[in-house]
Amino acid sequence: MVVLTAEKLYKRFSQRPILEDVSLGVDEGEKIGVIGVNGVGKSTFLRILAGLEPPDSGRVVRGGGVRIGYLPQNPALDDRLTPLQQVMKGLDGLPGGEEYQCRSILDRLGIRNLDQPLGELSGGQRRRVAMACALVSPVELLILDEPTNHIDNETVEWLEKTLAQYKGALLMVTHDRYFLERVVTRIVELDRGRLYSYPGSNYERYLEGKAQREEMEQAAHRKHRALLRKELEWIQRGARARGTKARFRVERYQELSAQQAPQEKAALEMASLSSRLGKKIIQLEGIGKGYGGRTLFQDLSYNLLRGDRVGILGPNGCGKSTLLRVLAGLEPPDQGQVVTGETVRVGYFAQEMPPFPDGMRAIDYIQESALRVETPEGTLTAAQMMEKFLFDGELQYTPINRLSGGEKRRLFLLKVLIQAPNVLLLDEPTNDLDLETLTVLEEYLETFEGVVVAVSHDRYFLDKVVDHIFAFEGEGQVRQYLGGYTAYREQRPAPVKEGTGRPARPKAPPAPRKERKRRFSYREEREYQTIDGEIAALEERKTALEEEMNRCASDYARLQELEAEVAQVSRELDEKMERWLYLNELAEAIAAQEG
C-alpha cells in the first residue's frame with residue numbers, strides 16, 4: 001500500500017528553485033533516507049510532505065487514513081509542560097497504559113527529571129523530548145529531520161536499532177552513514193532541484209549508483225557535443241535553408257544549441273592549512289573539573305603529540321564540551337594544570353555557533369579573520385577560499401541570517417580553518433554538515449599536520465578519523481582506549497547488569513563449526529587457467545580501440561561507435577578483474593589448507 005505520494009512538486013526560495021518537478025512515492029513499511037548538500041532544500045521538502053508548508057505547484061496525497069508524525073530540527077514545545085506531559089499530550093484520546101512506555105522512552109533518551117519544565121531544558125534535551133513524542137505517536141509514516149543530532153553515541157545506537165525494527169514507513173533526512181547502511185531500504189538524493197532515487201540502497205550501493213549516474217550524464221553530454229559539432233560543420237558549409245530537409249537541419253542545430261549541458265557540480269575543496277608546531281604541544285597534568293558539587297572528570301593526564309587524533313565520547317551532560325574548553329584555555333581546571341606550548345595555535349569549532357551580527361554578509365564574516373591566506377596552492381583571497389567551500393558569488397554577499405543551518409555551520413568551519421590553527425578542537429563537527437562536506441572534512445583531517453581532538457557522536461567519523469578514544473565512564477572517570485569507535489566498543493567493559501552491580505555475564509560463544517575444505521569446481525579450475533589470457537586480450541582490445549578513437553577524432557559517427565565499444569570492453573574488463581581476484585584468493589586458500 002502507498003502511504004504517501006508527492007506529484008510534480010515545485011518550490012522556489014530566494015529567487016531560485018529548490019524543487020523542480022519532484023515526485024516521490026512512499027510504500028507501507030518502507031524506510032527512506034533523504035540526503036543532499038546543505039541548503040539544497042531537504043528540510044523544506046520534509047515540511048511539504050508533512051503538510052506543514054505548501055508547494056508552489058504540485059500536490060501531496062496521503063493514503064486513506066494515513067497519519068503522519070514529524071520531527072523538525074527545531075521542534076516547538078510548550079515550555080510550561082514537563083517532558084512526560086508533553087509526550088503524553090500526543091496520546092490524548094487513546095486507550096490508557098501508555099505512560100510506562102513514555103517514561104521508558106524518555107529514560108532511554110537520557111531525560112530523567114520528568115518534573116522539570118521544558119523551558120528549563122537545554123536545546124539538546126528539548127530535541128530528545130520531541131524525539132520521544134515522535135516515537136510514541138501512533139502513525140503510519142514517521143518523518144524525521146536529522147534525528148541523530150545532539151544525542152550521544154549510546155543513544156544513537158539505541159535509536160538505530162529502534163528505527164530498524166519500526167513497523168511503519170520512515171522518511172528521514174540524515175547524514176549518519178551507519179544509519180544509511182543499516183536502517184534504510186532506499187536512498188533518495190536532492191540535487192540541484194531534482195530528486196534521484198537509489199532503490200534497495202545502503203550507503204555503499206548509493207555511492208556506486210551516484211557515480212554511475214554522473215558518469216552516464218557526462219557520457220550523454222559528450223555524445224550531445226559530438227552531434228552538435230557535426231551539425232555545426234554542416235551549417236558552416238554554407239547550406240541554405242531552402243528545402244524541407246535543409247530547414248530541418250537548421251532547426252535541429254538550433255534545438256541542440258539551446259539544450260543545456262549537465263550543470264557542473266561544485267566540489268568542496270579544502271587544502272590543509274596549519275602553522276608551524278613545536279615539540280611541546282598541550283600537556284594535561286592530573287586535571288579535574290566539576291560543577292555544582294558534581295565531578296565531571298578528575299586525575300586526567302595526557303601529553304598530546306604531533307599527529308594525535310583523539311575522539312571524546314560519553315553520555316550527554318557528562319563534561320565532554322567542558323573538557324574541550326579546558327584544552328582550549330577557555331576555562332581553567334579546578335585541579336592540575338594544562339601546559340601549552342608557545343607555538344600552539346588553537347582552532348576551536350564549538351558545538352553552539354557564536355551569534356552572527358544582524359545583517360552581516362557571509363564574506364564580511366570571513367574577512368574579519370583574514371583577507372588573504374597562504375595555502376599549499378599559493379595565496380588565496382577570502383572570496384577564493386569561500387568558493388572552495390561552495391559559497392559562490394551570490395552566497396558570499398548573502399546576509400548570514402538567510403543561510404541554511406548547514407551553510408552557517410560550514411561558514412563557521414571555514415572561519416576556524418582560515419586562521420591556520422595547528423591544534424583543532426572540534427565539538428560535534430558533524431552536526432548539520434552534509435555527506436559531501438563530511439567526506440572532505442575527513443580527508444582534510446587525514447592530511448592535517450597538527451593535532452585533532454574531536455567530541456563526536458558520529459560513529460563513522462570516529463572510525464575514519466581518530467586513533468585514540470577518551471571515554472567518560474562513571475562519575476569523574478575518563479578512560480583511554482586505542483583505536484576508533486569500533487575498537488572502543490570491542491575493548492570497553494561489559495555493561496553492568498541492573499540490580500546486581502556486577503557485569504552481565506556474556507553469552508557463551510557458539511561451538512566452533514568444522515570448516516569445510518575449499519576447492520575449485522571443474523568450471524572454476526578451467527577459468528583459473530585461462531583468465532590471465534582473457535584479461536590480456538581485453539586490455540589489448542581496449543588499447544586498440546582508444547588508438548583508433550584518436551585517429552578518428554573528426555569522424556563523429558565512428559567516434560560514437562568506438563566510445564560504445566570502449567565502454568563495453570571496460571565493463572567486461574572490470575568483471576574479469578573481479579573474477580580474477582576471487583579465483584586467486586580461492587587458489588591461495590586451497591594452497592594454505594593443503595599446507
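Reader: What's the strand order in the open sheet of six strands?
Author: This is a predicted model. The order in that sheet is β14-β17-β18-β12-β19-β20. Pairing is mixed.

Reader: Which are the edge strands?
Author: β14 (346–349) and β20 (478–482). Each of these two pairs on one side only.

Reader: And how are neighbouring strands turned against each other?
Author: By 15° on average, direction ignored.

Reader: Which helix packs on the sheet?
Author: Helix α9, residues 320–327. The helix touches β12, β14, β17 (423–427), β18 and β19 (468–472). The direction of α9 makes about 160° with that of β17.

Reader: β12 and β18: in what sense do they pair?
Author: Parallel, over four bridges. β12 covers residues 309–313, and β18 covers residues 451–455.

Reader: What stands opposite Val 310?
Author: Val 453, in β18. Val 453 is also listed among the residues with the most contacts inside the largest nonpolar core.

Reader: OK, the core then. How many residues has the largest one?
Author: It has 116 residues. Besides Val 453, those with the most contacts inside are Leu 163, Leu 304, Leu 411, Leu 424 and Leu 445. Helix α4 (residues 123–136) gives the largest share, eight residues.

Reader: Take Leu 411. What is it in contact with, leaving aside neighbours within four places in sequence?
Author: Ala 362, Tyr 365, Ile 366, Met 386, Phe 391, Ile 400 and Leu 403.

Reader: What other core lies apart from the largest one?
Author: One of 26 residues. Val 3, Leu 19, Leu 24 and Ala 169 are among them. In general, nonpolar side chains tend to be buried together in soluble globular proteins.

Reader: Where is Glu 146 found?
Author: In the loop between β6 (141–145) and α5 (153–164).

Reader: Is Glu 146 buried or exposed?
Author: Buried, since its relative accessible area is 4%, and buried means under 20%.

Reader: And Glu 428, what's its phi?
Author: Near 50°. That is again a positive value in a residue other than glycine.

Reader: Which loop holds Glu 428?
Author: The one between β17 and α14 (435–447). β17 is one of the strands of the six-stranded sheet, and α9 touches it.

Reader: Does Glu 428 count as buried or exposed?
Author: Buried, at 6% relative accessibility.

Note on methods
Residues are numbered from 1 along each chain as its sequence is written. This is a predicted model: local features need pLDDT of at least 70, side-chain atom pairs count only at pLDDT 80 or more; totals for chains, interfaces and linings use all residues. Side-chain values use heavy atoms; hydrogens and water are left out. Two strands pair if DSSP finds at least two bridges between them. Axes are lines fitted to C-alpha atoms, for helices over the stretch in contact, and angles run from 0 to 180 degrees between N-to-C directions. Contact means heavy atoms within 4.5 Å. Buried means under 20% relative accessible area, exposed over 50%, partly exposed in between (1.4 Å probe, protein chains only). A nonpolar core is a set of buried Ala, Val, Leu, Ile, Met, Phe, Trp, Tyr and Cys residues joined through side-chain atoms within 4.5 Å.
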